[in-house]
Amino acid sequence: IIAARMECCVAEQEGVKRLLRILILHQNMGSGHKRVARIVEDIIHSRMEAEIVNIAANDILRSHFMNCFEPFWNWVMRRNWVAFADFWGAFMTRALAMPVLEALNTTKLYRLLDLHAPDLIVSTVDGFNKTLAVYALSNAIPLHIYTTSYSIFLDNVQPAAKHFCYFDETASAIRSFDLESAYFQRFLAPEASLGEKLRYVASFWYEVLRGRAEFLYARDGEEAARRNSCQCIKVGPLVEAKHFAKRDTRAIKRRLGITNGLPCVLIASGSLGGEFILDAVYAMLAGPQIPLNLLVMCGKDRRILARARRLAAQTPIIRLFPFGYTRDFEDFLAVADCVAARPSAGIFNECLVHHKPYIAVAPCTSNDKGIFSLVQKHRLGEVCERVRLLSLSVRRVLENGAPYAENIRRFLEEHPSDFETMADVIAHEVILDLEGTRATGPV
């Protein structure tokens with residue numbers, strides 16, 4: 001725990017003192033990677049004086065594949081083609097494209113790292129953590145990897161790194177990987193020849209063709225044998241500090257025009273919006289209806305917002321309140337009695353902080369399937385196996401709101417659950433490793 005603010009972290013280079021440099025690499029894939037990187041940057045800034053560079057890996061690498069993948073992923077997810085996105089985006093991209101991307105970008109990434117000469121690397125990216133780990137190990141630089149989802153893929157696990165994760169289940173998933181497998185035993189040097197790169201890619205594909213695809217992925221909450229001793233730092237539900245502030249829910253409801261005293265159910269799918277939002281609304285209107293307010297968060301999807309607004313005039317029992325993208329999502333969570341969403345780490349963590357029961361609506365991509373296991377294991381809400389059954393799940397949650405809230409409270413008792421404690425845990429590890437870097441210096 002941090003007892004006092006660390007005023008200055010300095011290193012000596014060629015006889016000249018300088019601030020220690022922290023390089024934060026994030027990814028422009030959805031908002032989760034970038035959000036976690038920004039939270040970590042703010043925490044470090046608030047507790048020490050250091051030079052911090054926070055950049056997107058796909059921007060600096062100028063990878064056409066990576067720059068095209070994000071809009072493609074968003075396009076598919078808006079159409080709710082979850083199985084297609086999961087197969088091609090989560091698994092096949094890792095099974096086929098990931099080793100190729102490593103081979104194509106290793107030299108470029110090493111040059112970038114040499115250019116910034118960091119004393120500590122913080123990563124929220126997917127796909128390049130092995131390269132970062134090899135670089136960090138060879139230069140005696142600490143590497144902090146932040147998991148931004150509730151399932152762990154093998155590229156998020158590196159024996160030379162500290163892994164910052166949400167809960168015990170995430171740590172168990174990280175430690176379930178076999179570090180003796182071929183993926184962890186082979187790596188590319190920056191000066192690797194074309195032949196070495198081809199052999200590296202071929203060895204990875206061979207593992208997949210042997211039927212070893214299961215080594216790509218581990219899900220939070222699943223029982224798995226411990227196979228490694230990776231360092232895991234549990235930080236709890238890492239969200240922005242604003243979510244921990246107390247709010248006047250009556251004032252928020254008046255501002256939003258919610259004055260009828262009915263329970264509020266929030267439907268969300270992150271900033272994407274998409275067909276999932278309307279599917280959930282239609283399911284609520286088609287099932288057994290009870291009087292309630294349905295807060296429909298359409299994100300940046302103007303088409304879905306317009307359709308939801310047209311529906312709002314046709315629903316006398318269930319009152320629809322459609323909203324577009326907002327920077328005050330915490331206000332909506334504060335007035336909600338429960339949240340129904342396609343599982344995503346960001347919204348799930350925010351619901352936990354606000355002590356709101358969470359209805360995880362299937363299907364979802366493998367990145368966040370671990371949320372289903374956590375919700376069921378700790379009874380933090382409901383798992384809705386089909387969106388058409390959503391009205392029944394909502395009714396059960398509204399009827400048992402207090403027990404769910406108590407379950408959430410108990411679950412959070414075992415982990416850091418206020419922002420200052422989470423920030424202290426993160427800052428302590430940063431300061432600890434920076435002090436070690438200052439003492440030993442780079443190799």
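**View 1. Ile359 stands opposite Glu382 of strand 16 in this predicted model.** Strand 15 (residues 358-361) and strand 16 pair in the parallel sense, and four bridges connect them. They belong to an open sheet of six strands whose order is 13-12-11-14-15-16, with parallel pairing. Strand 13 (318-323) and strand 16 (381-384) stand at the edges of this sheet and have a single partner strand each, so one side of each is left without a neighbour in the sheet. From one strand to the next, the twist averages 20°.

**View 2. Helix 10 lies across strand 11, strand 12, strand 13, strand 14 and strand 15.** The helix runs at about 145° to strand 11 (264-268), and the other strands it lies across include strand 12 (292-297) and strand 14 (338-341). Helix 10 is mostly covered, with nine of its twelve residues buried; these are Glu275, Phe276, Ile277, Leu278, Ala280, Val281, Ala283, Met284 and Leu285.

**View 3. Strand 3 is joined by bridges to strand 4 and to strand 5.** Six bridges join strand 3 to strand 4 (residues 51-56), and the two run parallel; in this pairing the bridge partner of Ile22 is Ile52 of strand 4. Is strand 3 (residues 21-26) largely enclosed or largely open? Five of its six residues are buried, so strand 3 is largely enclosed by the rest of the structure.

**View 4. An open sheet of six strands, in the order 4-3-5-6-8-10, has parallel pairing.** Its edge strands are strand 4 and strand 10 (231-234), each of which pairs on one side only. Neighbouring strands of this sheet are turned by 20° against each other on average, when direction is ignored. Towards strand 10, strand 8 (residues 162-165) is joined by four bridges and runs parallel to it, with Lys162 standing opposite Gln231. Helix 4 (residues 82-116) packs on the sheet, where it touches strand 3, strand 4 and strand 5, and its direction makes about 150° with that of strand 3.

**View 5. The largest nonpolar core holds 67 residues.** Within this core, Ile22, Leu238, Leu266, Leu295, Phe348 and Tyr358 are the residues that touch the most other members. Helix 17 (residues 419-440) gives the most to the core, contributing nine residues. A second, separate core is made up of 29 residues, among them Ile318, Cys338, Cys384 and Leu390.

**View 6. Over residues 1-8 the pLDDT of the model is below 50.** For the protein, the mean pLDDT is 86, and 89% of the residues reach 70 or more. Beyond near neighbours in sequence, the stretch of residues 1-8 has 20 contacts in the model.

Technical notes
Residues are numbered from 1 along each chain as its sequence is written. This is a predicted model: local features need pLDDT of at least 70, side-chain atom pairs count only at pLDDT 80 or more; totals for chains, interfaces and linings use all residues. Side-chain values use heavy atoms; hydrogens and water are left out. A nonpolar core is a set of buried Ala, Val, Leu, Ile, Met, Phe, Trp, Tyr and Cys residues joined through side-chain atoms within 4.5 Å. Buried means under 20% relative accessible area, exposed over 50%, partly exposed in between (1.4 Å probe, protein chains only). Two strands pair if DSSP finds at least two bridges between them. Axes are lines fitted to C-alpha atoms, for helices over the stretch in contact, and angles run from 0 to 180 degrees between N-to-C directions. Contact means heavy atoms within 4.5 Å. pLDDT is the predictor's confidence in each residue, from 0 to 100.
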